[in-house]
Amino acid sequence: MLINEAGLVRAIKRAYKHGGYVVANLGDAVAIYTENWYIQANRALFSRKALATIVEHMGMIPEKNVPTSILKDEDPQLVLKEVAADDMSHWRGGQRGEEVTLVPVIMQGYQIFQPPGGGSCWGVPLYLLDMIERDAAEHTGADVVDEDRLLWEADGEAIVIDTVRKARSSWAKEWERAVWNALEGVDLHKEEAGA
């Protein structure tokens with residue numbers, strides 16, 4: 001399993017209160033996405049607690065091919081099928097880059113991912129990393145997509161999370177860029193000599 005049920009439910013509840021989420025019943029699969037993350041799983045594998053949370057928020061599971069936007073204190077809104085298809089294509093599509101793996105470094109609330117051998121460092125918000133089973137997060141590589149998000153896929157499940165790369169960010173403070181550049185200058189997978 002790739003998806004952590006408790007982490008997904010927390011992410012859905014957080015999204016419900018802050019910006020909303022879109023749920024799409026694709027027939028054989030269910031997809032949920034926000035501005036910061038995307039998740040899709042075969043219907044048979046999809047978390048029952050997550051489905052129950054959606055029902056709690058909107059009163060039902062959307063009909064097949066009727067994507068619906070859900071936000072606290074608002075009535076559920078239908079999303080144009082073409083718009084939802086474009087959004088989902090954005091999350092799953094794009095230029096695939098190198099594979100990265102989790103390293104034992106947390107920086108400014110971001111879990112760091114780096115390619116084996118060192119190089120670019122991608123930060124995933126810790127609260128979103130909870131959507132991924134810990135074993136999968138630690139031992140399954142993620143693909144960098146369009147230089148701004150990470151994609152994990154396994155056994156009919158997919159999770160995509162927006163990332164930060166402050167070493168190349170124009171909005172990061174100078175000291176943040178310096179620290180992130182230093183992180184990118186070493187292989188964070190290696191243990192310290194003598195440790």
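Mentor: Let's look at helix H2 and then at the sheet around it.

A bit of housekeeping: this is a predicted model, where local features need pLDDT of at least 70, side-chain atom pairs count only at pLDDT 80 or more, and totals for chains, interfaces and linings use all residues. Numbering starts from 1 along each chain as its sequence is written, and side-chain values use heavy atoms, with hydrogens and water left out.

H2 covers residues 48-58 (helices are DSSP runs of H or I with at least four residues, strands are runs of E with at least two, and both are numbered from the N terminus). Start at its N-terminal end, which Ser-47 caps: a side-chain oxygen of Ser-47 lies 3.3 Å from the backbone nitrogen of Lys-49. At the other end comes Gly-59, with a positive phi near 90°.

Now for the sides. Ala-50, Leu-51, Thr-53, Ile-54, His-57 and Met-58 are buried, whereas Arg-48, Lys-49 and Glu-56 on the other side are exposed (buried is under 20% relative accessible area, exposed is over 50%, partly exposed is in between, with a 1.4 Å probe and protein chains only). Looking down the axis of H2, the buried residues fall within an arc of 155°, so they line one face of the helix (the arc is that of the directions from the helix axis to the C-beta atoms). An α-helix has 3.6 residues a turn, so residues three or four places apart point the same way.

What do the buried residues of H2 pack against? They pack against H1, S1, S2 and S4 (contact means heavy atoms within 4.5 Å).

Follow S2 onward and you reach S3: the two form a hairpin with three residues between them, paired over five bridges. Tyr-33 has Tyr-38 in S3 as its bridge partner. Five of the six residues of S3 are buried, so this strand is largely enclosed by the rest of the structure.

Note on methods
A polar contact is a pair of N or O atoms within 3.5 Å; within protein, one must be able to donate a hydrogen and the other to accept it, and residues adjacent in sequence count only if both atoms are side-chain atoms. Two strands pair if DSSP finds at least two bridges between them.
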